[in-house]
Amino acid sequence: MKQEKIWDYYQNEALESFKGSVPRLKYLLSKFKSGCKILNIGVGGGLLERLALEKNIDIYSLDPNEKTIKRLKSILGQNKAKVGYSHNIPYNNNFFDGVIMTEVLEHLSDEAIHK
């Protein structure tokens, strides 16, 4: 519960805290071609989504934080941002060309990682 409150703050009130991630996120996106359909799991401040749109990458988002997903829906569209978890992805198999899950694994329980 405490971790959820921390992420709620950073993802919705302290968005500037993610700006140092831009070079890493640009590098990750450089591995995808324009028009690719990718899923970002654990969206942080939404920087990857903004950078992907600039590269004409079809980006979808999955995060457990409802406020963050509501904000991203206004940017990406209703069906491209969903509340959820990595161990229960609400999209069909083979729907995406790739998945990005950066700075997330260290926050997951062993049970979630195994799923």
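This note goes through the predicted model point by point, from confidence to individual side chains.

1. Basis of the model. The structure is a predicted model, in which local features need pLDDT of at least 70 and side-chain atom pairs count only at pLDDT 80 or more, while totals for chains, interfaces and linings use all residues. Residues are numbered from 1 along each chain as its sequence is written, and side-chain values use heavy atoms, with hydrogens and water left out.

2. Confidence. The mean pLDDT (the predictor's confidence in each residue, from 0 to 100) of the protein chain is 84, and 82% of its residues reach 70 or more. Confidence is highest in strand 1 (residues 37-41), at 94, and lowest in helix 5 (residues 110-114), at a mean of 66; helices (H or I, at least four residues) and strands (E, at least two) are DSSP runs, numbered from the N terminus. Where pLDDT is low, the predicted coordinates should not be read in detail.

3. Aromatic pairs. The whole structure holds 6 aromatic pairs, where rings of Phe, Tyr and Trp (its six-membered ring) pair if their centres lie within 6.5 Å, and planes under 30 degrees apart count as stacked, over 60 as edge-to-face and the rest as tilted. One of them joins Tyr-91 and Phe-96 edge-to-face, at 5.0 Å centre to centre and 80 degrees between the planes. Phe-95 and Phe-96 are also edge-to-face, because their ring centres are 4.9 Å apart and their planes stand at 85 degrees. Ring pairs link Tyr-91, Phe-95 and Phe-96 with Tyr-60 into a cluster.

4. Tyr-91 is buried at 12% relative accessibility and Phe-96 is buried at 17%, whereas Phe-95 is partly exposed at 30%; buried means under 20% relative accessible area, exposed over 50%, and partly exposed in between (1.4 Å probe, protein chains only). Two lysines also belong in this picture: the charged end of Lys-37 sits over the ring of Phe-95, 4.1 Å from its centre, and that of Lys-82 sits over the ring of Tyr-91, 4.4 Å from its centre. Here a charge sits over a ring if NZ of Lys or CZ of Arg is within 6 Å of the ring centre and within 35 degrees of the ring normal.

5. Salt bridge. A search of the whole structure finds 1 salt bridge, defined as a side-chain nitrogen of Lys or Arg within 4 Å of a carboxyl oxygen of Asp or Glu. The side chains of Lys-80 and Asp-58 form a salt bridge at 2.3 Å, N to O. Lys-80 lies in the loop between helix 4 (66-76) and strand 3, and Asp-58 in strand 2 (residues 58-63), so the pair ties together parts that are 22 residues apart in sequence. Asp-58 is partly exposed, at 21%.

6. Ile-89. This residue is placed in the loop between strand 3 (81-83) and strand 4 (98-100), and Ile-89 is partly exposed at 36% relative accessibility. Leaving aside residues up to four places away in sequence, Ile-89 touches Leu-39, Ile-41 and Leu-62, contact meaning heavy atoms within 4.5 Å. Ile-89 and Ile-41 are 48 residues apart along the chain, and their C-alpha atoms are separated by 9.1 Å.

7. Backbone points to check. Most residues other than glycine have a negative phi. Asn-56, in the loop between helix 3 (47-54) and strand 2, has a positive phi of about 60 degrees and is exposed at 52%. Asn-94, in the loop between strand 3 and strand 4, has a positive phi of about 65 degrees and is exposed at 78%.
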